Amino acid sequence: MKRFYKEAGAAPVEGGWQIALDGRPVKTPARAALVLPTEKLGQAVVEEWRDQGEDIVPRTMPLTGLANAAIDRVAPDPATFAQGLAQYGESDLLCYRAEGPQPLVARQSELWDPLLAWARRRYDIDFEVAAGIMHRPQHPETIERLARAVAARDAFHLAALSPLVTVSGSLVLALAIAEEAIDLEAGWAAATLDEQWQIEQWGEDAEAAAMLASRRQDFEAGHRLLTLL
């Protein structure tokens with residue numbers, strides 16, 4: 001789409017901050033008002049619109065995309081959306097370890113064990129950890145308490161949590177970032193441990209690098225949204 005506006009702004013309205021282009025309120029794809037819950041998020045979304053050139057490129061507007069998702073996809077039924085995220089706890093990345101080689105096993109333990117230990121303390125739960133890819137069911141109490149932790153979040157926090165969960169494959173890792181138990185870089189290192197190991201062993205090709213960069217962008221967008229709420 002060609003850029004059709006000169007100026008973007010955010011103004012306080014009931015319920016938050018309304019994004020406007022040349023004074024006209026912006027709508028989401030589902031035609032709802034693009035109203036954001038905090039001034040910081042409103043200004044960040046405004047900057048995305050201001051930074052567009054002659055063409056509007058949605059991929060360069062991740063916060064706008066997540067805000068649209070929060071309003072159009074999450075808010076109408078947050079319980080169902082939360083349930084979908086909570087299902088990742090049943091096969092969390094951190095619970096499935098390599099059988100070898102030993103340096104990889106040790107690195108997984110170094111980065112992933114502290115996250116599981118944090119979740120054990122935080123939610124009073126335990127985990128079944130397996131070597132290999134065969135599914136091992138988690139304790140029902142573990143699934144239930146992790147699900148409650150997700151369901152307690154509002155639509156915008158759920159939208160922010162979503163890329164952290166789906167990119168990493170780990171609900172525990174995403175919750176640790178959301179609750180500031182780890183920072184972005186530590187979370188990314190844990191989320192991409194296996195990929196980084198493969199790069200170290202075999203090198204990196206252009207296609208794999210592009211895919212990893214795209215995942216990183218989505219991961220960062222989820223984290224940044226959390227910091228702006």
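**Handedness first.** A helix crossing counts as left-handed if the near helix is turned anticlockwise from the far one by less than a right angle, and as right-handed if it is turned clockwise. I wrote that down before opening the structure, which is a predicted model.

**α8 and α10.** I started with helix α8 (residues 184–191) and helix α10 (residues 206–228). Their axes come within 11 Å and cross at roughly 140°. Angles over 145 degrees would count as roughly antiparallel, so I put α8 and α10 down as oblique to each other.

Next I looked up who touches whom. On the α8 side I found L184, E185, G187, W188 and A191. On the α10 side I noted L212, R215, R216, F219, E220 and H223. Sorted by class, this α8–α10 contact has five nonpolar, two polar and four charged residues.

**α6 and α10.** I stayed with α10 and brought in helix α6 (residues 155–168). The axes of α6 and α10 come within 8 Å and cross at roughly 150°. That makes α6 roughly antiparallel to α10. The crossing of α6 and α10 is left-handed.

I listed the contact residues here too. α6 brings F156, H157, A159, A160, P163, L164, V167 and S168. α10 answers with R215, D218, F219, G222, H223, L225 and L226. By class, I get nine nonpolar, four polar and two charged residues for the α6–α10 contact.

**α6 and α7.** Then I turned to helix α7 (residues 171–178). α6 and α7 pack at an angle of about 145°, with their axes 8 Å apart. Is the crossing of α6 and α7 left-handed or right-handed? I noted it as right-handed.

From α6, the contact takes L161, L164, V165 and S168. From α7, it takes L171, L173, A174, L175, I177 and A178. The class count for α6 with α7 is nine nonpolar, one polar and no charged residues.

**Two domains.** I zoomed out to the whole chain. It is divided into domain 1 (8–58) and domain 2 (78–228). How far apart are the C-alpha centres of the two domains? I have 31 Å for that. Seven residues of domain 1 are in contact with five residues of domain 2.

The area buried between domain 1 and domain 2 is about 470 Å². Carbon and sulfur atoms give 69% of that. In domain 1, K40, L41 and A44 lose the most area to domain 2. Together they make up 67% of what that side buries.

Last, I checked two spots in loops. The peptide bond from G100 to P101 is cis, with omega near -5°. P101 sits in the loop between β5 (96–97) and α4 (102–123).

The other spot is R31, with a positive phi of about 75° although R31 is not a glycine. I placed R31 in the loop between β3 (24–25) and β4 (35–36).

Conventions. Residues numbered from 1 in each chain as written. Predicted model: local features only at pLDDT ≥ 70, side-chain atom pairs only at ≥ 80, totals over all residues. Heavy atoms only, no water. Axes fitted to C-alpha atoms, helices over the stretch in contact; angles between N-to-C directions. Helix = DSSP H or I, 4+ residues; strand = E, 2+ residues; numbered from the N terminus. Parallel < 35°, antiparallel > 145°, perpendicular 65-115°, else oblique. Contact = heavy atoms within 4.5 Å. Nonpolar A, V, L, I, M, F, W, Y, C, P; charged D, E, K, R; others polar. Domains from an automatic or database assignment. Buried area = accessible area lost by both parts, 1.4 Å probe.
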